[in-house]
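Dear colleague,

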Amino acid sequence: MEFDSRTPHAGQPTGRRRGRVVMLVCNGVRGDSRVQKAARSAAEAGWDVTLLGRSPDGRPASWRLGEARVRLLPVPTPLAHPPRASRRPLLTGPLAYRPGTAGYRVQRAKARRDELRTRRAALALGPATPLARGRRTARLALPRLAARLAQHWAGLRKRQLERGQARRGTGTLAERAAVALWQRTLKERCWRRLWPSLYDFELAYGRAVDELRPEIVHAHDFRMLGVGARAKIRAAARGETVKLIWDAHEFLPGVRPWTDDVRWLPAHVAHEREYAPHADAAVTVSATLAGLLRRTHHLAEDPHVVLNAPETPATRPVRTGGVPGLRAQCGIGPDTPLVVYSGAAAPQRGLDTMVDALPGLPGVHTALIVPKPAAGYLGQLRARAARLGVAERLHVLPYVDCDQVVPFLTEADAGAIPLHHWPNHEIALITKFFEYAHARLPLVVSDVETMAATTRAAGIGEVFTAEDTDGYARAVHAVLADPERYRAPYGRPGLLDAWTWEAQARTLDRIYTGLMRESALPQETALPHESARTDPEARRGRARRGREARRDPAARRGPAARSEPAGTERAPSPTQR
């Protein structure tokens, strides 16, 4: 695998390192194929790569990913539990318990009633005369009534708490007013009030980044952008140059909030808006998303596109053995029709549609390859399949390692992507799209914009209306009836070559190389971001320049515009507002 004239082939000794790169990601690395491929291929290209991730169990861990080093850091999140979360919703639930005590109170009331039930059974073993039975009944009458009332009372207070918390999450008038107030007062800095837990990542990652003394920080997705930007600012204060790459995996304003809280999305959007201008280069997953990011953050040019494409066996030999094949895990033979879904499991992913369609697809089996097969949502899908009488044709399987995904998928007859209409689903070609393509599977894709258009243009599958069970079933029937029609386009020269990680790695390498060349150029010393914002002399200087600009038209174009000849343009930063 060759990236430029100085890049060694994969697996060969790299000799002198070309620069220190620290990659940041807010997960445990193992389930993130894009991050793993980026770190491994960059290290093989001669970069000194350290990948910092978040430990899932709170314990530090480290290992090698090819030539790259991986470190997982514990991330305590005390800021994720602000005092407001422990307050009772007095306006909407005046009788509600304080958060954290309701479960105890309800369970204690149940235990009391159960204790009285046992005592009643014990007393029933006594004399069976009418008088004795009457005495036993009278003896427990009041305690049983009190226990019943206590349980109902505890249930009422618990329900008030749950309703109040639900209203608070979806946005009471007071919550929405607080969000609007902080947005108006602090602008892009409002995340510090709305979602201070974002700073938990700075406290966990910041010192580790500084100790590694990187020349390039590659921040994956929105949470790590702030960590990378602050590391760049601290390095500038030490007289060091650090280049920041922002790798935007999705369009944040279109993300479904990860938690049921009205503050989550505006806080994260503000955090991204504050730190995006610090990036020296931006990378994203599709041309559509690149255009959105450019317009949203007023970038001078579209971010570079690095697709979520798989590695090819030519550069990443597939390990054999250890993992049974897809059909073996499903317990079916080679002639049984099999439709596969590989990826995260959530309602908006459309897996309900796949299950609901099984009664209309006699003999067809469905395999869901997911990160956590025992998750609650998967349990609901299994129960749904049992009610429909198709449980034996639904198979829920765990992920395999990223270098085994494509060979694992090749045993299926079709690959399904039944996504619902969400902004981020409309604009990206997701990882499974390319994995299905390299497995040469006919596709069954919902009518989300970018994937539907690519599927139709390439002729590699059928498109159905999202959430339309009958439409999905018709699309499956079509691809299973004539699979070779949809497999044939994969043989066209160049189609799959552009959808490989090797092509994407060359793009990343060019970005790294360009940033290192920029770092080698003489640069003017500038005030760090926070000092420029708060220093009184800097504020007065900006005000003076503003007054001059109003008097002198040439001044509005800045000092460079006044000193350079007409027709000369300065190249703006890729992420300049």
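This is a predicted model: local features need pLDDT of at least 70, side-chain atom pairs count only at pLDDT 80 or more; totals for chains, interfaces and linings use all residues.

**What was found**

Gln-165 has its place in helix H3, which covers residues 130–170, and although Thr-92 is 73 residues away from Gln-165 in sequence, the two are 9.3 Å apart in space, taken from C-alpha to C-alpha.

Turning to the sheet, eight strands form an open sheet with mixed pairing, in the order E3-E4-E2-E1-E5-E6-E7-E8. Strand E3 (61–65) and strand E8 (304–305) stand at its edges, and each has a single partner strand, so one side of each is left without a neighbour in the sheet. Helix H1 (residues 33–44) packs on this sheet, where its contacts include strand E1 (20–24) and strand E5 (216–220), and its direction makes about 160° with that of E2. Strands E6 (residues 243–248) and E7 (residues 281–284) run parallel and are joined by four bridges, with Trp-246 standing opposite Ala-282 in E7.

As for the nonpolar cores, the largest has 112 residues, among which Tyr-205, Leu-326, Leu-368 and Tyr-472 touch the most other members; helix H7 (residues 221–237) gives the most to this core, with seven residues. Leaving aside residues up to four places away in sequence, Leu-368 touches several residues, including Tyr-341, Met-354 and His-395. A second, separate core holds 29 residues, among them Val-25 and Trp-501.

With best regards

Technical notes. Residues are numbered from 1 along each chain as its sequence is written. Side-chain values use heavy atoms; hydrogens and water are left out. Two strands pair if DSSP finds at least two bridges between them. Helices (H or I, at least four residues) and strands (E, at least two) are DSSP runs, numbered from the N terminus. Contact means heavy atoms within 4.5 Å. Axes are lines fitted to C-alpha atoms, for helices over the stretch in contact, and angles run from 0 to 180 degrees between N-to-C directions. A nonpolar core is a set of buried Ala, Val, Leu, Ile, Met, Phe, Trp, Tyr and Cys residues joined through side-chain atoms within 4.5 Å. Buried means under 20% relative accessible area, exposed over 50%, partly exposed in between (1.4 Å probe, protein chains only).
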